[in-house]
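Visitor: I'm new here. Could you show me how to read a few features?
Guide: Happy to, let's take a look together.

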Amino acid sequence: VHDAGQGKVVVLGAGFAGLNAVRKLGAAGVDTLWVDARNYHCFLPLLYQVATAGLEPQEIAYPARSILRRVRAVEFRLARVVSGDPAARVLRTADGDAIHYEQLIVATGGAAEDFGIPGARELTFRLYDLEDARALRNHVLRVLEHAVVATDPVERAALVTFVIVGGGATGVEMAGALAEFRNHVVPRDYRALDASAMRIVVIEAGPELLPPFPPELRARARRDLEEFGVEVRTGTRVERVTATEALLAGGARISTATIIWAAGIRASAVAANLGLPTGRSGRLLVEPTLRVPGHPHVFVAGDVALVEGSERLPQVAQVAIQQGELAADNVLRARRGTPLVPFVYRDKGSMATIGRSRAVAVIGRVKLDGVLAWWAWLVVHLVMLVGFRNRLVVLVNWAWNYLTFDRGLRAIVGAEPDRLPADAAGDVCSAAEPVSLNLGPHR
Ligand SMILES: Cc1cc2nc3c(=O)[nH]c(=O)nc-3n(C[C@H](O)[C@H](O)[C@H](O)COP(=O)(O)OP(=O)(O)OC[C@H]3O[C@@H](n4cnc5c(N)ncnc54)[C@H](O)[C@@H]3O)c2cc1C
């Protein structure tokens, strides 16, 4: 049993919100225990580059213990929290341990929202952690290997069709990166494949891509993607997913071995078990000061928080960073007995990259697209990465990719079960029983 002891603050989650809360508490010398189910902070905005072999997993992750090297007041504990009792001020871990606290900051982030669409949960790939990215990368590389040897043209077509559900930043960036892979890597590495037959389809239920961006940048993003050879279908809903198809509203079907779900976000699963009030998408309801009503010793920050008065704020890194800092500041204020301060978001802008030399960005009143936006995107993402070594390695990789039109190491590493058509008994599209074309992460 780990007892954080009287007076300790526990910060649950090592994402953007947790990291920034811990930095503040550490700087103030407050005894803090930092808990996460992973032993690293992961830079989620670059996950899609890991998934498309642009970067290696370790380049966007940084060990929590290394972050704490010079932060004497904070200890790290690797643990998956499964529930909590705010009245007893305790968290329970998957190992059956109890973690006691005086004050708690919950920053457990989000998870994919499948809106109850049949098959979406079990049969699609999502992009929420390094394991997801690695599984998707292995899968993409495997389906291409299978496509090389597929003799049935219908089966081969399904193997080289990649469907991305969701036209937000993740969907757009993923589609752009896959298009680059198709345009620059496939013709050189998979000479037996016709790269132009590789389909990348983005499906968005709303009328446009990148809804938070101004109309001209949304249009520009769509044009750029289409120029890269991506099919964009807006105003289109996916109704069902099977192991071999995406079924669209209106009856259309797309045969595919790969569906990437980038359509929605809900609170991380543990949020429902913490004994705290929840709201839309399972997020934890908090006052503007990020404090939980009725539980003055619990604060919530980042994607998992639904802040009264700021319900429409996007679930993005800047919001999480600023909320993490404010949650820590308000913990310090509560300890001193001074009034808490409400959350006010300082919007530093948003950006999304589409591919080589193409991006869109809004910074204050300035709207950028094309090469300028792309450079801004590169600089901001390099600066935000944690760790000098990671920044350097990512910079070198990007420069290498840019100059050589190549991607990073494309080794299939890992132990996901290979359930591809080569092992299956039937034809992908004509089989009466669906065959296991998809090797989703099955969690
Ligand atoms: C693919 C992708 C691309 C994105 N791109 C961008 C972008 O370009 N720009 C942008 O601003 N934002 C982007 N975002 C959003 C941004 O990453 C999030 O808003 C941000 O990470 C939220 O920070 P957080 O600290 O709330 O949660 P997270 O960063 O998700 O961290 C949550 C942490 O909690 C831990 N945790 C969860 N449950 C438990 C548990 N039960 N026990 C212990 N630990 C637990 C997790 O391991 C994780 O470390 C992207 C997100 C994704 C998924």
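Guide: Let's start with burial: buried means under 20% relative accessible area, exposed over 50% and partly exposed in between, with a 1.4 Å probe and protein chains only. Ala 53 counts as buried because its relative accessibility is 1%. A word on the source: this is a predicted model, where local features need pLDDT of at least 70, side-chain atom pairs count only at pLDDT 80 or more, and totals for chains, interfaces and linings use all residues. Residues are numbered from 1 along each chain as its sequence is written, and side-chain values use heavy atoms, with hydrogens and water left out.

Visitor: What is the phi of Ala 53?
Guide: Ala 53 is not a glycine, yet its phi is positive, about 65°. Phe 405, also not a glycine, has a positive phi near 60°. At 36% relative accessibility, Phe 405 counts as partly exposed.

Visitor: Which residues come nearest to the ligand?
Guide: Near means that a heavy atom of the residue lies within 4 Å of the molecule. Of 28 residues around the ligand, Ala 17, Asp 36, Arg 38, Val 81 and Asp 303 come nearest.

Visitor: Where are oxygen atoms of the ligand 2.6 Å and 2.8 Å from the protein?
Guide: Look for N or O pairs within 3.5 Å, the cut-off for a polar contact. A side-chain N or O atom of Arg 38 is 2.6 Å from a ligand oxygen, and a polar side-chain atom of Asp 303 lies 2.8 Å from a ligand oxygen.

Conventions
A polar contact is a pair of N or O atoms within 3.5 Å; within protein, one must be able to donate a hydrogen and the other to accept it, and residues adjacent in sequence count only if both atoms are side-chain atoms.
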